[in-house]
Amino acid sequence: MNLNFVNLFNALPGACAQGLIWGIMAIGVFITYKVLDVADLTVDGSMTTGAATCIMLMLAGWNVWLAMLGALIAGLLAGLITGLLHTFMGIPALLAGILTQLSLYSINLRIMGKANQAISVDKYTLLVSLRRIPQAIIVVSIFTLVIIAVLYWFFGTALGSSIRATGANPNMSRAQGINTDRNKVFGLMLSNGLVALSGALLGQYQGFSDVKMGTGAIVIGLAAVIIGDVVFSRIFRNFALKLLSVVFGAVIYYIVIQVVLWLGLNADFLKLLSAIVVAIFLAIPYWKGKYFKVSVKAPVTAAKEDQ
C-alpha cells in the first residue's frame, strides 16, 4: 500500500474547515441531547432546509447575510413544528422529529424546485468556499466563537437556566412553576436554528444544496458531541468550554474520516464508519466503568497501611 503523506497533509485543512462547519450543527445537537435530554431527529431535515433556503435566496438576489438570516428563521420554524408536535399534540419527541424530518424532505424539494441547486463563488459573494479553505476556517471559527459566547450568556439568564433545569429534572422544574413545554419548544427551535445556520454555511462551502445532504447529520452530530465529551470532559468543565469541545469533536471526527479515506477505505463505507465511530465512543464510558474501575481504599484502611 503506497501512502502519500503529502496528500494527507494537504487534505487536513479541508477536513478542519468541514469539521468546524459541522461543529455548529453539533452544538445544536448538544442543546437537545445534553441540555434538554431530548432525542431530536429533525436535524437531518433542518440541515438541508438551511442550505436550500440560503442558496435559493442568494440565487434570487438576496444579500448573503439576509440569506443566512432566512436560513436561521427556517430552522427555527422547523424546530417549532417538532416542539408543537411533541408538547401540544403529545407525540413522543423521537417520533415528532421523524415526522418533521419526513415533512421537510418535501418542503426542501419545494424550496429548491428540484433535487439540487448549485451556486458559484465566481458569481456570488459567499462567506465560505471550498476553493478558499484558509478564509473558510477563519470565518467559521469567528462564527463559532460568537455563537458560543451568545449561548454562554443566554444559558446564564433566567430563561436559559430554566431550559437547563427542564432537561435536568422536568418534574422538579414543573413543581417550581417552570413551563417545561415552552422550554422544550424553545430549545428545539434554538437547536434547529443552529443546525440550519450550519447547513447554510455548508451549502456555500460546497457550492450547492442537495435534498439528501442532511442524511445522517444526526449521527455526525452525536459523534461530535460524544467525542468531545470523552476526550475533553476532564479538561473542559465550564459550559462554554463544553460547547467548544463539541466543535473540537466534530473536527476530530472529520480528521479521522480523512485519515481513514487516505488509508484506502472505499467511500461507500463512510456511513458504516460513522456508525462504528459513534458506537465506539458511546461505549468508552461504559467500558471505563466496567472494565477499568480504580479501586478506592477507605481512608482508615489506607492510613493503617501507611503506618
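**Notes on the core, salt bridges and surface patches**

1. Let's start with Arg 237, which sits in the loop between helix 9 (217-232) and helix 10 (239-262). Helices here are DSSP runs of H or I with at least four residues, numbered from the N terminus. Keep in mind that this is a predicted model, where local features need pLDDT of at least 70, side-chain atom pairs count only at pLDDT 80 or more, and totals for chains, interfaces and linings use all residues. Residues are numbered from 1 along each chain as its sequence is written, and side-chain values use heavy atoms, with hydrogens and water left out.

2. Arg 237 is exposed, at 60% relative accessible area (exposed is over 50%, buried under 20%, partly exposed in between, with a 1.4 Å probe and protein chains only). Arg 237 belongs to a positive surface patch together with Arg 164, Arg 234, Lys 242 and Lys 288. Patch residues have over 30% relative accessible area and no salt bridge; like charges are joined within 9 Å, and nonpolar side chains (Val, Leu, Ile, Met, Phe, Trp, Tyr) within 5 Å. Lys and Arg count as positive, while His and the chain ends are not counted; a charge is placed at NZ of Lys or CZ of Arg.

3. There's a nonpolar patch too: Phe 269, Leu 272, Ile 276, Ile 280, Tyr 286, Trp 287, Tyr 291 and Phe 292 together have about 880 Å² of accessible area (Shrake-Rupley method, 1.4 Å probe, only the protein chains shown counting as cover). Trp 287 lies in helix 11 and is partly exposed, at 38%.

4. Now the inside. The largest nonpolar core has 75 residues, and Trp 22, Ile 27, Met 68, Leu 151, Phe 155 and Tyr 253 have the most contacts within it. Helix 1 (5-36) is among the elements giving two or more residues to this core, and helix 1 gives the most, with 14. A core is a set of buried Ala, Val, Leu, Ile, Met, Phe, Trp, Tyr and Cys residues joined through side-chain atoms within 4.5 Å.

5. How many salt bridges does a search of the whole structure find? Two, counting a side-chain nitrogen of Lys or Arg within 4 Å of a carboxyl oxygen of Asp or Glu. Lys 34 pairs with Asp 229, closest N and O atoms 3.9 Å apart; this pair links helix 1 to helix 9 across 195 residues. Both partners are partly exposed: Lys 34 at 41% and Asp 229 at 34%.

6. The other bridge joins Arg 131 and Asp 122, with 3.0 Å between the closest N and O atoms. Here Arg 131 is exposed at 59%, and Asp 122 is exposed at 56%.
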